[in-house]
Amino acid sequence: MPERYLALLDRILTPVLFLLAVVFLIVGHNEPGGGFAAGLVVATAFLMQILARGDDFVRKLIGTYLQPAMGVGLVIAIFSAILSLPEGAFLLGVWWKIPLPGGAVLEIGSPTLFDIGVFLVVSAFVTSYLLELSRPARGSRR
Amino acid sequence: MLITLLALLAVSAPTLWLLKPQRWRHAGWLAALPPLVVTAWLLTQLGPVGQGAVIREHYVWSEAFGLALDLRLDGLSLFFGLIVAGIGAAIAVYAGYYFEKKTTLGYFYALLFLFMTSMLGLVWADNLLALFVFWEGTSITSYLLISFKLSDQKALEGARRALIVTGMGALAMLGGFVLLGQIGGSYTISALLALPPATFTSHALFAPMLILILLGALTKSAQFPFHFWLPGAMSAPTPASAYLHSATMVKAGVYLLARLHPAFAESPLWFWTLLVVGGITMLMGALIALRQVDLKAILAYATVSQLGVLVMLLAFNSQTAAVALVLGILAHALYKGPLFLIAGIIDHATGTRDIRHLAGLAKAMPLLAAGVLLAGLSMAGIAPTFGFLAKETLLEVFFYWMESGDPLGLVGLIASALAGALFVAYSLVLIWEPFFRRAAPQKQAAVQHPPSALFVLPVLLLAGVGTAIPFMLGIVEQGLFAAPASAVLGAPVTLHLSLWHGWTPVFLTSLLAIALGLLVFWLRQPVRAAFAQAPKKLNGTGIFDGLVNGLYTVADWSTRSVQGATLPTQVSVILLAATGFLLYAGLSSGTLLAELGINWAARPTFYEVVLAALAVVAALITVRIQSRLSAIISLGMVGASVMLIYVFFSAPDLALTQFLIEVLTLVLLVLVFFRIPPQEVQPIPKRISLRHLLISLLVAGWGFGMALLAAQRPFFATISDYFSLNVLAAHGGNIVNVILVDFRAMDTLGEISVMVVAALGGYALLRASRLRPVQDPSQPTPPKARSRRGDKNA
């Protein structure tokens with residue numbers, strides 16, 4: 001029963017992968033990472049779940065959200081582009097500084113928002129393909 | 001104020017939809033309020049604008065691109081605005097009764113008001129690009145209104161034809177606008193018109209620019225040979241036909257030509273194109289109208305004919321022609337609009353629009369008969385109606401031309417008089433046959449559902465305004481006619497219109513035309529019989545459909561020849577095309593190959609050699625190995641060694657992405673191959689194997705050459721510096737990602753949009769494969785390399 005080991009691995013690895021994706025998404029502007037890589041990591045995490053618990057489980061979990069997520073991602077990206085219209089141009093970077101307790105300052109800008117849009121599109125795109133392809137074909141021997 | 005009015009109409013569209021107007025019997029009156037407000041405001045401007053005042057509004061949209069929404073209200077814009085808003089109000093009332101509590105009424109109002117917004121924006125815009133956007137807005141709303149009845153296949157086809165014809169024209173026009181903007185140095189229409197006309201007419205690109213713009217205007221205004229879409233558009237609900245396809249939208253082309261008239265009218269190309277196209281359209285429309293039996297079809301061809309008249313008038317650069325144009329536009333809107341509405345009421349009351357089944361309606365619907373008399377006599381151009389005034393001025397244009405000594409003026413005069421005679425004939429047909437004759441030639445339709453007086457009221461209002469105008473010329477002529485005419489002409493116009501000129505030659509010609517029209521009306525049965533003999537095949541619709549089908553055939557053929565074969569062949573075609581282009585570029589410049597200098601002295605480091613060797617070996621294994629799974633894994637090896645190279649060259653971002661992609665690709669491939677039933681791997685023939693090898697070597701050389709070139713010739717060295725210098729200004733430390741989401745965010749936006757589309761397409765494909773029966777592996781697999789396989793047979 002290799003699935004049992006896989007399930008164990010999934011228990012441990014999947015949260016780590018999701019965390020990694022979040023880290024990639026946040027640090028992306030300064031360190032290796034970014035929305036594209038984060039999206040791929042999330043897709044890998046779902047792949048892990050598909051292998052460990054079967055595609056039906058994952059499909060029930062997130063199947064209905066994938067197509068909407070792509071649309072939402074695209075909308076977020078376009079919205080971040082429109083944000084800078086009052087500044088005079090499409091897709092100009094707009095930044096806000098939010099002081100955090102403890103003296104640190106969090107910089108959030110429209111590029112971050114844009115990156116989140118990219119992340120949503122990429123993760124949903126790859127995951128939807130993984131899910132569709134892992135669906136057992138009719139008449140196959142599985 | 002202009003923008004407020006546009007916003008008012010735009011907001012009314014969804015509001016009326018949400019209010020569910022079908023719940024109230026008299027909802028039309030509520031819907032008429034917004035256009036009435038616009039009309040009222042425009043009427044207050046008649047005085048000042050008539051004195052030469054111009055209202056301008058300027059809203060910056062994007063400073064960086066120089067885009068602004070410029071609105072401008074001068075005589076011509078005011079004139080068209082009044083037609084759009086005034087008739088719009090009447091249509092809104094009418095539609096409330098026409099749809100009679102049908103649930104689609106709200107949707108209709110939404111489309112109608114969106115159209116109204118676009119159309120008003122179109123005539124008020126002072127910027128070519130803004131005008132284009134509004135122009136397309138009218139095309140799209142028109143498309144949705146024609147295909148309003150989704151179950152009607154003919155309506156859908158008509159809508160598609162209309163959209164393709166006007167859409168293609170609009171694209172050509174956009175090209176023309178860009179050329180015009182480049183020549184004149186501005187996209188602001190008033191700035192362009194302020195330039196001396198010779199700036200345009202003596203420019204080398206004048207002819208292409210003019211032809212492109214004319215294509216847009218002539219397709220929109222249904223001129224020969226693009227006229228066929230307009231009769232096809234008659235599947236729209238009657239209020240929409242009356243409004244869009246007669247009174248307003250089809251005049252957008254005329255409006256554009258009138259707007260640009262001062263700049264281009266000097267050019268012979270302009271003169272002859274408009275004269276010939278307009279003349280042919282005028283005669284042809286009038287002739288075809290006679291042969292129709294559907295009330296709306298008669299009116300549609302009559303509209304085509306009248307549009308021809310207007311376009312023909314625009315050819316001339318004289319005060320009389322400008323005045324005739326303005327009179328023609330308003331007269332037409334005020335008689336054709338009501339006539340369409342009458343056709344709708346007849347349809348509503350009797351259930352048919354076929355003139356062969358209609359007779360004696362005047363008894364059952366006396367108010368409607370009054371309306372048809374007012375509007376129909378105006379269309380016929382019989383004194384003292386508004387149509388008469390317009391026709392007199394039209395004939396004057398040609399009479400003056402003839403008097404100037406040009407024999408062509410006589411040809412024009414005869415052609416216009418002939419068209420006038422045909423106008424008389426079918427106007428009389430429209431008045432006489434449905435309303436006053438005793439019995440219909442075929443089974444007579446009964447009035448089952450007589451219209452309420454309020455339903456007929458918009459008809460009477462419009463026809464009444466048309467009737468009243470000739471008797472109050474002194475009050476309205478300055479604001480309503482002189483101001484737009486001077487905008488068309490580009491010079492001040494002074495007017496003294498009157499109904500009665502005395503027994504002038506023009507009046508006699510007019511009388512002659514009426515007499516001829518009466519004759520044609522008298523002989524209408526033999527005339528129709530003669531027309532029925534004419535071949536039906538040879539019309540624009542047939543030619544257009546043939547063209548569209550031809551396009552499908554070509555697309556089918558090209559797709560099959562490039563992508564119809566097996567996967568290796570498809571990939572070969574794509575890769576060879578890429579290689580071919582580079583080879584062509586390299587060979588044609590001559591120096592490119594010489595620049596491929598390789599620095600032989602450089603010694604690769606140890607790990608570089610190992611990684612390269614690893615990649616090569618893995619690639620060889622991929623090709624040689626028999627098992628698919630092993631091939632996938634060794635392909636992953638290639639990717640992994642490439643990733644390691646990225647790591648050594650300190651590109652962690654690329655390495656990370658490459659790694660993730662490799663993993664996912666591997667799994668995807670495994671999943672894909674898992675679904676394909678295992679089959680004997682057949683040995684590939686030597687010949688094909690050799691061909692693949694050759695292509696691979698070529699492609700490899702291509703990639704190698706590209707890499708070398710990119711390293712040797714830093715094409716855009718300055719850009720890298722710009723990125724690394726500004727990366728901190730963009731609040732980021734990771735240059736790759738800052739480029740992705742900030743400097744080059746537009747590219748990324750495009751990429752993720754493509755990704756979403758590809759995802760949806762791929763998703764559909766993957767699901768569709770499940771619909772097909774699973775293939776029995778024992779059966780022979782159909783396609784071999786080379787065999788052409790269309791999807792139809794699959």
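**Ring pairs, buried spots and a nonpolar patch**

Me: In chain B, take the contacts between residues at least 6 apart in sequence: 78% of them join residues at least 24 apart. What makes two residues count as a contact here?

Reply: Heavy atoms within 4.5 Å of each other. Chain A has its own figure: 59% of its contacts with a separation of 6 or more are between residues 24 or more positions apart. One caution on the source: this is a predicted model, where local features need pLDDT of at least 70 and side-chain atom pairs count only at pLDDT 80 or more, while totals for chains, interfaces and linings use all residues. As for bookkeeping, residues are numbered from 1 along each chain as its sequence is written, chains are lettered from A and ligands numbered from 1 in the order written, and side-chain values use heavy atoms, leaving out hydrogens and water.

Me: How many helices and strands does chain B have, and what makes a stretch count as one?

Reply: Chain B has 33 helices and two strands. Chain A has five helices and two strands, in the order α-α-α-α-β-β-α.

Me: Why is F316(B) called buried?

Reply: Its relative accessible area is 8%, and buried means under 20%, with exposed over 50% and partly exposed in between (1.4 Å probe, protein chains only). So F316(B) at 8% falls on the buried side. Across chain B, buried residues make up 48% of the 794 residues.

Me: And what about W401(B): buried or exposed?

Reply: Buried, since its relative accessible area is 13%, under the 20% limit.

Me: What makes F316(B) and W401(B) an edge-to-face pair?

Reply: Two numbers decide that, because a pair of aromatic rings is described by the distance of the centres and the angle of the planes. Rings of Phe, Tyr and Trp (the six-membered ring for Trp) pair if their centres lie within 6.5 Å; planes under 30 degrees apart are stacked, over 60 edge-to-face, and the rest tilted. F316(B) and W401(B) are 5.3 Å centre to centre with 75 degrees between the planes, so they pass the distance test and land in the edge-to-face class. F316(B) sits in the loop between α15 (295–314) and α16 (319–350), and W401(B) in helix α19 (residues 386–403), so the pair ties together parts of chain B that are 85 residues apart in sequence.

Me: Why is K20(B) called partly exposed?

Reply: Its relative accessibility is 45%, so K20(B) lies between the 20% and 50% limits. K20(B) is in the loop between α1 (2–18) and α2 (27–31) of chain B, and has a positive phi of about 55 degrees although it is not a glycine.

Me: What about A222(B): buried or exposed?

Reply: Buried: its relative accessible area is 0%. A222(B) lies in the loop between α10 and α11 of chain B, and its phi is also positive, near 55 degrees. P225(B) is in the loop between α10 (206–220) and α11 (229–232), joined to F224(B) by a cis peptide bond with omega of about 5 degrees.

Me: What makes V411(B) exposed?

Reply: V411(B) has a relative accessible area of 52%, and the limit is over 50%, so it qualifies. V411(B) lies in helix α20 of chain B and is one of the residues of a nonpolar surface patch, along with F224(B), W272(B), V276(B), I280(B) and L408(B). α14(B) gives the most to that patch, with three residues.

Notes:
Helix = DSSP H or I, 4+ residues; strand = E, 2+ residues; numbered from the N terminus. Patch = residues over 30% accessible without salt bridge, like charges linked within 9 Å, V, L, I, M, F, W, Y side chains within 5 Å. Areas by Shrake-Rupley, 256 points an atom, 1.4 Å probe, with all protein chains shown as cover. Salt bridge = Lys/Arg side-chain N within 4 Å of Asp/Glu carboxyl O.
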